[in-house]
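The sequence and the structure come before the details.

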Amino acid sequence: ILDERVIEQEGGVKYLVLENLSILFEPELALDVESLFRSYARSVVLAIVDEHPIMNGCYWPFGTDSDICVDLTGIRYSEVY
């Protein structure tokens, strides 16, 4: 599903546009979201479209009051508000 969201720009730069990220954290999927992000970031720039914050190199998919945080250190990403 994520492969279908990859956009290639002139010059060969590829972006993976991520929206509605909460589905990635569904317990039934048992995904390691940080590993997933790191895997994709090897070949694309992640474009995170979300209302939840990225603070101190960490993405908080359910807000900073939650215990769930994805460490983005070393991952190429761009925030879109």
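How many bridges join β4 to β5, and in which direction do the two run? In this predicted model, β4 and β5 run antiparallel and are joined by two bridges. In one of the contacts between them, I54 has Y59 in β5 as its bridge partner.

The two strands belong to an open sheet of three, ordered β4-β5-β6 and paired antiparallel. β4 (54–55) and β6 are the edge strands, since each of them pairs on one side only.

The search of the whole structure turns up one disulfide. The disulfide is formed by C58 and C69, whose sulfur atoms are 1.5 Å apart. What is the handedness of this disulfide? The torsion about the S-S bond of C58 and C69 is about 140 degrees, so the disulfide is right-handed. In general terms, a disulfide is a covalent bond between the sulfur atoms of two cysteines.

| Cysteine | Relative accessible area | Class |
|---|---|---|
| C58 | 12% | buried |
| C69 | 29% | partly exposed |

The cut-off for buried is under 20% relative accessible area. C58, at 12%, therefore counts as buried. C69, at 29%, is partly exposed.

Notes
Residues numbered from 1 in each chain as written. Predicted model: local features only at pLDDT ≥ 70, side-chain atom pairs only at ≥ 80, totals over all residues. Heavy atoms only, no water. Disulfide = S-S within 2.5 Å. Buried < 20%, exposed > 50% of the residue type's maximum accessible area, 1.4 Å probe, protein only. Pairing = 2+ DSSP bridges. Helix = DSSP H or I, 4+ residues; strand = E, 2+ residues; numbered from the N terminus.
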